[in-house]
Amino acid sequence: MADFHGTVLPTQLLVTNEEQLTRVDKLREIWQHVGFAEEEAAAKLLSLRERLILMLNETVHAEAAFGESIREEVGLMKQEMHALCLRTGISCTHEDDESLMLIQRHRSLKSAIERLQTLSTQRLGQRTAKEAKLASLLQELELDCAASEDNAGLDVRAEPSALDAGGLTVTLLDRLEAQIAKANSIRSARLEQATSLSKQIDALRRHLGIPNSEAQGSNFSNVCSQS
């Protein structure tokens, strides 16, 4: 028989003629022993033959349906893999070998999808953490998400959804990290400015001879009178 997936199969897939004849003779012997007439034994053999043919036909139909379902799954899996590749920014050209037989291609696509899903989960966690950190900094700094002089060049653009193309790329994660670094830089500059102003205020109080407690009281009075 021709080569099947690289394995040479015997010409008789079920039983050889010799094995078949041996078992039929055994059945005839059993039926004769229990008292079946020749016509009855022949009828039983015919019934057995019909059952075997029915079983083979059902198996053929089941395997044909399985092959078609695998073909459909390969098409769906290829779409899923393509979406994952777009989402993560990874090339898919090497992930689907169309020269493979259907089962091998199905297994290859399944393995590729599992790897990409694991990577997507990792990157989603990274993106979520970075976005939360950036949002916290922006809230602390009271900055909006548009580039302006007040934002010192901080430009937090609207990113694609994590489920869309480009939503989990290394470029996006790097961009978020750069914005976090910029926001931290603004925060550090403001802390330095606040420290410097505090020192200037303390120096001015000492120059004017105003104790800290009196200055604080004066400040509270001014605030109350202005309100």
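Guide: The axes of helix α3 (residues 102-141) and helix α4 (residues 170-208) come within 10 Å and cross at roughly 25°. Helices here are DSSP runs of H or I, at least four residues, numbered from the N terminus. Axes are lines fitted to C-alpha atoms over the stretch in contact, and angles run from 0 to 180 degrees between N-to-C directions. This is a predicted model, where local features need pLDDT of at least 70, side-chain atom pairs count only at pLDDT 80 or more, and totals for chains, interfaces and linings use all residues. Residues are numbered from 1 along each chain as its sequence is written, and side-chain values use heavy atoms, without hydrogens and water.

Angles under 35 degrees count as roughly parallel, so α3 and α4 are roughly parallel to each other. Their crossing is left-handed, meaning the near helix is turned anticlockwise from the far one by less than a right angle.

Who makes the contact (heavy atoms within 4.5 Å)? From α3, the residues include Arg-123, Leu-134 and Leu-137. From α4, they include Leu-173, Ile-180 and Arg-187. The α3–α4 contact residues divide into ten nonpolar, three polar and nine charged. Nonpolar covers Ala, Val, Leu, Ile, Met, Phe, Trp, Tyr, Cys and Pro; charged covers Asp, Glu, Lys and Arg; the others, Gly among them, are polar.

Helix α3 also packs with helix α2 (residues 38-88), at an angle of about 30° and with the axes 9 Å apart. α2 and α3 are therefore roughly parallel to each other. This crossing is left-handed. The residues of the α2–α3 contact divide into 14 nonpolar, five polar and seven charged.

Key: Helix = DSSP H or I, 4+ residues; strand = E, 2+ residues; numbered from the N terminus. Parallel < 35°, antiparallel > 145°, perpendicular 65-115°, else oblique. Contact = heavy atoms within 4.5 Å.
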